[in-house]
Amino acid sequence: MSVTTHPGDVVMDYDEALSKFDPVLGLEVHVELGTDTKMFCACPTTFGAEPNSQVCPECLGLPGALPVVNAKGVESAIRIGLALGCEIAEWCRFARKNYFYPDMPKNFQTSQYDEPIAYGGRLDVELGDGAIYRVEIERAHMEEDTGKSLHVGGSTGRIHGAEYSLVDYNRAGIPLIEIVTKPMVGAGERAPEVAKAYVSALRDLLKALGVSDVKMEQGSMRCDANVSLRAKAGDDPRGAQQLAVPLGTRTETKNVNSLRSVERAVRYEIARHAAVLAAGGSVLQETRHWHEDTGVTTSGRVKSDAEDYRYFPEPDLVPVAPTRETVEALRATLPEPPTKRRQRLQRDWGYSDLEMRDVVNAGAVELIEETIAAGASPTAARKWWLGEPSRRANAEGQDIVTYAALLGLTPVDIAELDQMVVARRLNDSMARQVLDGVLDGEGRPTEVADARGLELVEDAGALEAAVDEVIEANPGIAAKIRDGKVAAVGALIGQVMKAMKGQADAGKARELILARLT
Amino acid sequence: MTDDLTRTTAAQLADGLADGTISSVEVTSAYLERIAAVDGAVHGYLHIDGEGALATARRIDERRAVGDRLHALAGVPIAVKDVMVTQGVPTTCGSRMLEGWIPPYDATVVSKLRAAGMPILGKTNMDEFAMGSSTEHSAYGPSRNPWDLERIPGGSGGGSSSVLASFQAPLATGTDTGGSIRQPAAVTATIGVKPTYGGVSRYGIVALASSLDQAGPCGRTVLDAALLHAVMGGHDPLDSTSIDAPMPPVVDAARAGDVRGLRIGIVKELAGEGYQPGIQARFDESVALLVELGAEVAEVSCPNFEYALAAYYLIMPSEASSNLARFDAMRYGLRVVPERVADPSAEQVMAATRDAGFGPEAKRRIILGTYALSSGYYDAYYGSAQKVRSLIARDFAAAFEQVDVLVSPTAPTTAFRLGDKLDDPMAMYRNDIATIPANLAGVPAMSLPSGLADEDGLPAGIQILAPAMRDERLYTVGAALERALIDTWGAPILSRAPELAKGA
């Protein structure tokens, strides 16, 4: 069965596609390093600064300017390589990748070609059900980012049809590490899930290394997804029969800038390729653009052998040759590996396996860790993050970290909320209302509680009066309790809470009722 | 010191300035008058900054008057090759592409000249982006050789060599990728030095071929060149390929000039066919003089020099094709919007600009380099050329195990006539045959005048080559030979150059 989702593109039902084809992925992740200065000059790297305010002769490509390597950038690259289990080159060079583009000041990108700083690593990725998929890493190399073009006029915001374009060179020269996987085979129908889990795991790892702020929504971590299909052979995607089938033609989908998009884009391309192949066509080797809003990819540049970057070693830079002592010293700075760290946190927090998996799947490990550090109990931190914020993030198609960042909801907020519950200023349902207020942008938890007038009534007299009134108004229920049917107390508590307009401590109400009737 | 300040050496000017017998304003004014009188005929300058030069001269005179400690060359004017960016002063590299561009920053070399208090008279002509051996590839017209205005002053640094030989500056800067300092020096009877690669910062020097380019001093005497070398050189953190080591003692070597016991090697491969008889004769006489001065001479062989020209014409254009990519009309310099194209794209503007902005030699080299780096050809061309480069470096290493310096004629011919080789690029390229090996290996080399060729009465040059970081040996040999030659001639050779008509 084929479904048309976009003019020109036919996709196959996913399950049907997987019954006929075996997907193979290759992911290229670009990470902007969080160094204070650019890769080849001393310009600052602050995000969001006034356009073209963080530039100099070098990153503007002025005649005569020369690059100087950022030592911190090289250090970060080595640490990333080590954390991915890579070999670190004893000697490697930068190379020039030559092509013309207005946002590239020198019309070549200083990158690495056949001599990457790190190569041959792996990352074990945990899937939703706890299964582990090992991603083999081809290489991690250093390069510089380009400037950013803004196409003004026209309807699409793309260069085609624009009246004019503006270029901001603040981003030009920001250090990038490109991490390239080997072909990811054997994932079968779980390929999109593996892709997402890999990018997520990589994000956690880079964050733990402290080398980047890894904000996909700001573009400091970007993913290009290569997808190809080959005929299905046998029932085991890892079986010898399947592995013997040659790889199909790949497409490279760019602009995949959220975890959810990684999964969706891969899934879409699998379904699109399948439709093309099933109809007897052949997949065009090309760049595809992912559209977050419509959930489809569209054709970009056709990639062919004609694209020739004329790489050659960058003669303006000297080779990078980290000594083994340097490498070992950097290895000693590596943080605990994420899987080990998770086991430790689960122990520390006292979560069950299921609880921990929920937290990991929600992508909330770091949020919860910071919330606990800010003073909340592990149980409360999990409860609040996996509640409304998580539900809303899912509904918006966002991951929790991105969503919370967009709304400005911080671990400190959750800890503050929890503190108010612990201090008996709020009860559970009031706390939920406060959280809603925070998510709706009404302010910090204390401000929301103040503004909405949410406060447990501490006036014992008012509560006792309410209890007395409710007992008097419900003689039948009161009698049952007196006769030993303590479970009936719930009905009275509900009425007391109602009388108190919710602003009472239900536990205390229960105590008072039982004290009077038993 | 002669009465004519423009005929005085930079070292003598420095002494006169130091002891207060002359002022920098007087010296600078004398040079500006000379420029006004003769540069119409020579066309050595692309831009003259009289105001800027005089402002510096006044400041230096004032500082000297109040007893400030000043650099040895403070107040001595200089001409700067137009390939070095100068803040606030136009820098064109001899190309239409940069016509009207005012750089917002100074090259490190220029900063050093300014810090030393040297008035910058102006920017000198050059082949476009330093591509050529004659200045005929300057978009602004050729410079002329003061020895014969119908002949080339060498290239690419023909502007600097012609202003020195016509007494329009006491010192000048140059850059040398395959001989652009040394060949102009040879054909104008001036001194030019290509230091060890990495000895002088390349920051702010518009790149032709990054792994070959090296800036160096140009002057009328060996000591003057040494004094300027000491100002220009030294480690620069802004240039990753800059050598972080103390400067070779070039000035001391130039002052001493003692070659007794020094072993000098004659490069067998840089002689014979293609070398003009008059050039060979002056070279042989110079070697004989060095022997008289106490040097030992031996012949050495550098068998791989044969492949130097071919390797050079792959590496240089390859790097140039990439270095020149930045000239795309997007941020600075020329912008040409193609006619008869409705709503041209950025790519179409780039193409139209590069078509209009680059001259034929620049285009030729961009195409050559683009081809040589192409996928499928890289190994055969760029890769093989790099291997030849290693072999040439090995030849030098082997030679320097036997001798302390090497010598050869600088260029195979004297200055040719303007237009003679313009239609034959290969003939033009062959003029660099003796100078290219030093660039490929990164070793330092100097050209100084060896006399005039009998057949045409035009200057001949001798080249001295030394091991990397031993630049002082060039000055040792150069100073000794210069002294002996002047004794033979009875006066500096430039005194034999024809007088230029004033106001021509």
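How many salt bridges are there between chain B and chain A? I looked this up before anything else, bearing in mind that this is a predicted model. The count is one salt bridge between the two chains. I found its partners: Arg202(B) and Asp316(A) meet through their side chains, 3.0 Å from N to O. With a salt-bridge cut-off of 4 Å, that pair qualifies at 3.0 Å.

**Entry: polar contacts and the B side**

Next I checked polar contacts across the B–A interface. I got 17 residue pairs, both residues of each at pLDDT 80 or more. Then I asked which elements of chain B give two or more residues to the side touching chain A. They are helix 10 (308-323) and helix 11 (346-357) of chain B. Helix 10 of chain B gives the most, with five residues. By residue type, I noted 20 nonpolar, twelve polar and eight charged on the side of chain B that touches chain A.

**Entry: area and contacts**

I went on to the extent of the interface. On chain B, 40 residues are in contact with 31 residues of chain A. The two chains bury about 2,700 Å² between them, and 58% of that is on carbon and sulfur atoms. Which three residues supply more of chain B's buried area against chain A than any other three? I wrote down Ser240(B), Arg326(B) and Arg331(B), which supply 23% of it.

**Entry: the second largest pocket**

I turned to the second largest pocket, which holds about 910 Å³ of space. Its lining runs to 44 residues, and those closest to the centre are Ala197(A), Ser200(A), Ala201(A), Asp204(A) and Arg342(A). Several elements of chain A give two or more residues to this lining, among them strand 7 (118-126), helix 3 (191-209), helix 5 (259-278) and helix 7 (338-349). Helix 8 (353-361), helix 9 (365-373) and helix 11 (388-395) of chain A are also on that list. Which element has the largest share of the lining? My note says helix 3 of chain A, with nine residues. I sorted the lining residues as 20 nonpolar, ten polar and 14 charged.

**Entry: salt bridges over all chains**

One I followed up joins the side chains of Arg222(A) and Glu32(A), at 3.7 Å from N to O. Where do these two residues sit? Arg222(A) is in strand 12 (residues 221-231) of chain A and Glu32(A) in strand 3 (residues 21-32) of chain A. They are 190 residues apart, so I logged the pair as a link between distant parts of the chain.

Conventions
Residues numbered from 1 in each chain as written. Chains lettered and ligands numbered in written order. Predicted model: local features only at pLDDT ≥ 70, side-chain atom pairs only at ≥ 80, totals over all residues. Heavy atoms only, no water. Contact = heavy atoms within 4.5 Å. Buried area = accessible area lost by both parts, 1.4 Å probe. Polar contact = N/O pair within 3.5 Å; in protein donor to acceptor, adjacent residues only side chain to side chain. Helix = DSSP H or I, 4+ residues; strand = E, 2+ residues; numbered from the N terminus. Nonpolar A, V, L, I, M, F, W, Y, C, P; charged D, E, K, R; others polar. 1 Å grid on protein atoms, 1.4 Å probe; cavity = no way out; pocket = protein on both sides within 12 Å on 5 of 7 lines; lining within 4 Å. Points joined across faces, edges and corners; volume = space filled by probe spheres on them.
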